[in-house]
Every structure is written in structure tokens, then in C-alpha cells.
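Visitor: I'm new to protein structures and would like a walk through this one. Could you take my questions as they come?

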Amino acid sequence: MNAIGIFGGTFDPIHFGHLRMAQELLQHLNLSEVRFIPAAMPALRNQPATSAQHRSAMVRLAIADNPQFSLDERELQRAGFSYTIDTLTALRQELGANVALCLLLGSDAFLKLPSWQRWDALLSHAHIIVAHRPGAEPLAENMSAPLKAFYERHVTNSKLDIAKKKAGHILLQRITPLDISATAIRTDLQQQRSPRYLLPDAVIDYLTTNQLYTN
Ligand code: ATP
């Protein structure tokens, strides 16, 4: 099967929680690649601490040695808020109807889905793969009524469904729990603590050279 993982985020900065999640979902779902798509201007959160160019450069460094990971800068080239629905629509047009698209989300992000632009249209273009994130509120008790109805309509337990169809299912997937967050890394840096072993050395070198996150 030809299936591609789509991994959006602020990546402010990218860390091993992101990278390990992408690697495990790639293997589990037999994806041909995972595309990392940094959000230029996220609509639903404070604007990132760092420019989109720096965040994207750090993603490039972090994934450089993995031939199945790629960087897609389309959201940096678009004006206005970075809506995932626009990105998926464009990808579907480019890649055609025969490739399965899998939108990769942590469970914290999935719980916020109903606040996304045209969220109920996402499954027309892609499957949604939800990875359990440590520290996130448990899904079962925390889905809003509309999200729960959406989830129950589309959930599958079988990765065969993901292979058979090109879009339209939701799959929950356990991954190795790594309680790493960009927020905690930024706090470490502001307080002059080393974030070593939470993110790749090449990214640490980059943010040190460019004096990111220190004030
Ligand atoms: P911040 O702390 O700034 O909110 P973050 O670490 O949550 O950042 P994002 O770039 O916002 O990183 O996350 C992008 C995606 O990666 C989201 O879907 C999020 O749920 C997921 N994600 C981030 N960190 C982890 C982790 N440690 N385990 C599983 N999923 C994660």
C-alpha cells in the first residue's frame, strides 16, 4: 500500500517525543514516509516563541539522517493562519486519489479537534491516527459530545482498514510514552538548564548558535 504520514506541529522546538512518535507510527502502519509540516501561524494557540524559518530549520536538522522523513514547508509559504484542512486539501490534489493520507496527532491535540477549522471535513481527505501522549487527559472521559459522536462513527481497531481506504477512519495507537514537551524544553533553556537527551544534538547546537529561547 502507498500511505503517507502527515505530521503537523509548531515544533518549537522539535524533540524526541515528535521523532519517536513519527518513527513508531511509520513502522506500525507501514507508511512510505512521514512529512513534517511546521505551522507558520497556528490559529489556536499563542504564536510560537521562534520564527517559522528557525522552527523549520530545526526540523530539517532533526530528520536529516532519516530517508523516510521529509520536511514540507507549504504552510510557511501560505499567508494567514495555517489550517490543516487547507494543507490536506492541497496534498490530496497533488498526490491524487490512490494514496492513503494519515494525519498523525497526539491525544492532547485530538481532544482539541472540534476547535479546528472545518474539523469534520478532515476525514474526507485523510485518516486520523491518534497516538497516546503521556500527561494528556484520557480520551474516553474527555471527548466533547460532538467529538465522541465523530469518533464513534469513524473509529477502527484494524490497521487493515487504514490500508484498504485512502481516508475516513480514526485509529488509536499506543506508542512508547515519552513525556517530553517543547514547553518544558523552552523552560529549561530560559533557566539555563541543559535540554540534552530530550532532543537531537544538532537541534541543540542550532538553537544555541542562534540564541533561541534564552529570553
Ligand atoms: P508545546 O509544548 O509548545 O505545546 P508540543 O511538545 O506539544 O509543544 P507540538 O509541536 O505542539 O509540540 O506538537 C505537534 C504534535 O505532536 C501534536 O499532535 C502533539 O500532540 C504531538 N506530540 C508532541 N509531543 C508529543 C509526545 N511527547 N508524545 C506524543 N505526541 C506528542
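Guide: Let's begin with β4 and β5, which run parallel and are joined by five bridges. Helices (H or I, at least four residues) and strands (E, at least two) are DSSP runs, numbered from the N terminus, and two strands pair if DSSP finds at least two bridges between them. This is a predicted model: local features need pLDDT of at least 70, side-chain atom pairs count only at pLDDT 80 or more, and totals for chains, interfaces and linings use all residues. Residues are numbered from 1 along each chain as its sequence is written, and side-chain values use heavy atoms, with hydrogens and water left out.

Visitor: Which residue of β5 is the bridge partner of Leu 103?

Guide: Leu 103 points one way from β4 together with Leu 101 and Leu 105. Across in β5, its bridge partner is Ile 128.

Visitor: What about β1: which residue of β4 is the bridge partner of Ile 4?

Guide: β1 and β4 pair in the parallel sense, over four bridges. In β4, the bridge partner of Ile 4 is Leu 101.

Visitor: Why is β5 said to be largely enclosed by the rest of the structure?

Guide: Here "buried" means under 20% relative accessible area, "exposed" over 50%, and "partly exposed" in between (1.4 Å probe, protein chains only). His 127, Ile 129 and Ala 131 point one way from β5, while Ile 128 and Val 130 point the other way. Strand β5 (residues 127-131) is largely enclosed because its buried residues number five of the five.

Visitor: Now the ligand: how many residues surround it?

Guide: A residue is near a molecule if one of its heavy atoms lies within 4 Å of it. The closest here are His 15, Asp 108, Arg 133, Leu 178 and Thr 183. Elements that each supply at least two residues of the shell include α1 (16-29) and α10 (182-190). The number of residues surrounding the ligand is 21.

Visitor: How far is the polar side-chain atom of Thr 183 from an oxygen atom of the ligand?

Guide: A polar contact is a pair of N or O atoms within 3.5 Å; within protein, one must be able to donate a hydrogen and the other to accept it, and residues adjacent in sequence count only if both atoms are side-chain atoms. For Arg 133, a polar side-chain atom lies 2.7 Å from an oxygen atom of the ligand. Arg 186 has a side-chain N or O atom 3.0 Å from a ligand oxygen atom. For Thr 183, the distance is 2.4 Å.

Visitor: Where does Phe 11 lie?

Guide: Phe 11 has a positive phi, near 50°, in a residue other than glycine. Its relative accessible area is 1%, so Phe 11 is buried. Its place is the loop between β1 and α1.

Visitor: What is the omega of the peptide bond from Asp 12 to Pro 13?

Guide: Pro 13 is in the loop between β1 and α1. The peptide bond from Asp 12 to Pro 13 is cis, and its omega is near 5°.

Visitor: Last one: is Gln 211 buried or exposed?

Guide: Gln 211 is found in the segment after α11. Its phi is positive, about 50°, although Gln 211 is not a glycine. At 63% relative accessibility, Gln 211 counts as exposed.
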